[in-house]
Amino acid sequence: MKNNTFSFKMATLNDIDQLAKMRVEFLSELMGPQPNDKAMALHNSLVEYFKKEIQSGDYISWLAYEGIELIANGGMKVMQRPGSFRVPDGRSGYIMSMYTKPNFRKMGIGQTILSKLIETGKARGLTFFELHATKDGEPLYKQNGFNFHPEPSYRLFI
């Protein structure tokens, strides 16, 4: 078992490369290993995405470290949609890219990152948060008050 001395910080533009690497690692674990050219193309695309979104303030990410090693991260995209009766201003936080390296799971790191994302969102006036969960992540989100929403989702990839 590792020493449970972890530090947390909000990501800045200086962390973009690490954010991209962690998302590629997360997606490779979720979807299986990918060819190097495909992984590199995704990494490069993510660097551009994170640069734009962090600069605009529409992407918030918290990072967890053990010493200088990045061991976990989570992000939240601030979304703007037309308002509704439940969310009149239409703003929400879409939580994504919650990933902890395998050797550091079940140590409360994901819980801390999720709490920090929600606190940061609330401080920015958000009252509605949503996410898609892996089976492994479901208990964390349920413990924190997230409920499964059976709204159907239809997708078209071209």
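Helices (H or I, at least four residues) and strands (E, at least two) are DSSP runs, numbered from the N terminus. The model is predicted, so local features need pLDDT of at least 70 and side-chain atom pairs pLDDT 80 or more, while totals for chains, interfaces and linings use all residues. Residues are numbered from 1 along each chain as its sequence is written, and side-chain values use heavy atoms, leaving out hydrogens and water.

**View 1. Meet helix α3, residues 109-123.** Its 15 residues reach 21 Å from first C-alpha to last, close to the 21 Å expected at 1.5 Å a residue (1.5 Å times one less than the number of residues). Just after α3, look for Gly-125, with a positive phi of about 90°.

View 2. Buried here (under 20% relative accessible area, with exposed over 50% and partly exposed in between; 1.4 Å probe, protein chains only) are residues including Ile-109, Ile-113, Leu-117 and Gly-121. Seen down the axis, the buried residues fall within an arc of 165° (taken from the directions from the helix axis to the C-beta atoms), so they line one face of the helix. Glu-119, Lys-122 and Ala-123 are exposed on the face turned away.

**View 3. The largest nonpolar core has 22 residues.** Such a core is a set of buried Ala, Val, Leu, Ile, Met, Phe, Trp, Tyr and Cys residues joined through side-chain atoms within 4.5 Å. Ile-113, Leu-117 and Phe-146 are among those touching the most other members. Helix α3 gives the largest share, 5 residues.
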